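Here is a short report for a reader who is new to this structure. Please keep the sequence and the model in view while reading.

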Amino acid sequence: MPLPGDQATVETAGNLVKTLHGAFGEHSGYRPAHAKGRLVTGSFTPTADAASLSSAPHFNNASTPVIVRFSASTGLPDIPDTDANAMPRGFAIRFNLGNNGHKHTDIVAHSVKAFPVRTGEEFLAMLNAIGSGSIGEFLQKNPSAAYFVKAPKPAPVSVATERYHALNAFKLVSKDGKGTFVRYSIDPVAGCEFLSGTELANKPKNYLTEELAERLSNGGIGYKLVAELAEEGDPTDDVTKHWPESRKKVELGTIQLDKLMPETESLKQQKHIIFDPIPRVEGVEVSDDPLLDMRAAVYLISGKERRAAPEVTMATVT
């Protein structure tokens, strides 16, 4: 996973990492955003439709092992699941394609079908506006940011009853070379289900992790990986622009999660693993969305910092 070749992108990414650390404090060994997380393992089984759209291995093999990271927003490793600032929640999935896990492709998603800004520079400006107390003025000038702030972010009954959205566009390329731009969603087999304010107030601070462990012990968790297919004229370079709801949806396969990684091992692996927004696999190509290179740079810079930090232990989380 190399840094992007554009130096301005790398510089902005570095400033984003520093600004996030400044906002949430230095938590050595943790991500500067979505610091709190847990790893789960399972498998992905593709549909025939997936194979017709893409030549990628995970869309053509009978089954592919996966690692999923569920996470909470902010750079606080101990943020309660009941805190409104823990939303949107994250879902990152790694498809292990071979070579002992060194060959892989990833999808990174979160639980709100919106993102506040189109570019990394705009995201840095938003963070600076929050820090300087001028966020109200920023929201007035940036409707997409205001939309994101106002978008409903209800607390889920479970991570298994939440829909997640990978907002960037990608191009699936079939074996005969046909390209189709898509946006992914990860839809819960159990359906979407959320808590009322009263129900949430009565939940323990780590209720989602506790519920996750119980659900996995009782048969696992399922999701459908779904592709929303673009039509001519749909923007592929602007994550803040929605495509019409009438766009065709194609089920690409089933994600079945069955094992919660032990907490000590999960902490160790999360310190090491760097999810990659760039597919880097035959059959899936990037779009012209400028956030993709920016996100890749942010993840790599923060990942290198994390790997160089002292080992994270259970004691540092409490």
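## Leu3, ahead of helix 1

Leu3 sits in the segment before helix 1 (7-24). The model is a predicted one. Is Leu3 buried, exposed or partly exposed? Leu3 is partly exposed, and its relative accessible area is 36%.

Which residues does Leu3 touch, leaving aside those up to four places away in sequence? They are Val10, Ala297, Leu300 and Ile301. Tyr299 makes the sequence gap plain: Leu3 and Tyr299 are 296 residues apart along the chain. In space, their C-alpha atoms are 9.6 Å apart.

## The chain as a whole

The protein chain has 10 helices and 9 strands. The C-alpha trace spans about 50 × 45 × 40 Å along its principal axes.

Of the 318 residues in the protein chain, 52% are buried. Contacts also reach along the sequence: among those between residues at least 6 apart, 75% join residues at least 24 apart. The accessible surface comes to about 14500 Å². Carbon and sulfur atoms account for 52% of that surface. The chain carries 34 positive and 38 negative charges, and the mean positions of the two sets lie 2 Å apart.

Gly14 belongs to helix 1. Gly14 has a relative accessibility of 15%, and the cut-off for buried is under 20%, so Gly14 counts as buried. Gly14 and Leu257 are 243 residues apart in sequence. Their C-alpha atoms are 34 Å apart in space.

His34 lies in the loop between helix 1 and strand 1 (37-46). What is the phi of His34? It is near 55°, a positive value in a residue other than glycine.

## The loop between strands 2 and 3

Most residues other than glycine have a negative phi, and most peptide bonds are trans. The loop between strand 2 and strand 3 holds Thr74. Thr74 is not a glycine, yet it has a positive phi of about 80°. Thr74 is also buried, with a relative accessible area of 9%.

Pro88 lies in the loop between strand 2 (64-71) and strand 3 (90-98) as well. Which form does the peptide bond from Met87 to Pro88 take, cis or trans? The bond is cis, with omega near 0°.

## Helix 5 and its cover

Helix 5 covers residues 143-150, and its buried residues are Ala145, Ala146 and Phe148. These residues cover an arc of only 160° around the axis, so they lie on the same side of helix 5. The face turned away from that buried side carries the exposed residues Pro143 and Lys150.

What covers the buried residues of helix 5? The cover includes strand 4 (103-110), helix 3 (120-132) and helix 4 (135-141).

## Thr180 in strand 6

Thr180 is placed in strand 6 (residues 179-188). Is Thr180 buried or exposed? With a relative accessibility of 12%, Thr180 counts as buried.

Beyond residues up to four places away in sequence, Thr180 touches Leu53, Phe170, Lys171, Leu172 and Leu229.

## Helix 8 and Ser266

An α-helix has 3.6 residues a turn, so residues three or four places apart point the same way. The buried residues of helix 8 (residues 263-272) are Ser266, Leu267, Gln270 and Lys271. They cover an arc of only 135° around the axis, which puts them on the same side of helix 8.

Ser266, in helix 8, has a relative accessibility of 1% and counts as buried. Which residues does Ser266 touch, not counting those up to four places away in sequence? Ser266 touches Arg38, Leu39 and Met261. Leu225 gives a further distance: Ser266 and Leu225 are 41 residues apart in sequence. In space they are 24 Å apart, C-alpha to C-alpha.

Terms used: Residues numbered from 1 in each chain as written. Predicted model: local features only at pLDDT ≥ 70, side-chain atom pairs only at ≥ 80, totals over all residues. Heavy atoms only, no water. Helix = DSSP H or I, 4+ residues; strand = E, 2+ residues; numbered from the N terminus. Buried < 20%, exposed > 50% of the residue type's maximum accessible area, 1.4 Å probe, protein only. Contact = heavy atoms within 4.5 Å. Areas by Shrake-Rupley, 256 points an atom, 1.4 Å probe, with all protein chains shown as cover. Lys, Arg positive; Asp, Glu negative; His and termini not counted. Charge placed at Lys NZ, Arg CZ, Asp CG, Glu CD. Arc of directions from axis to C-beta.
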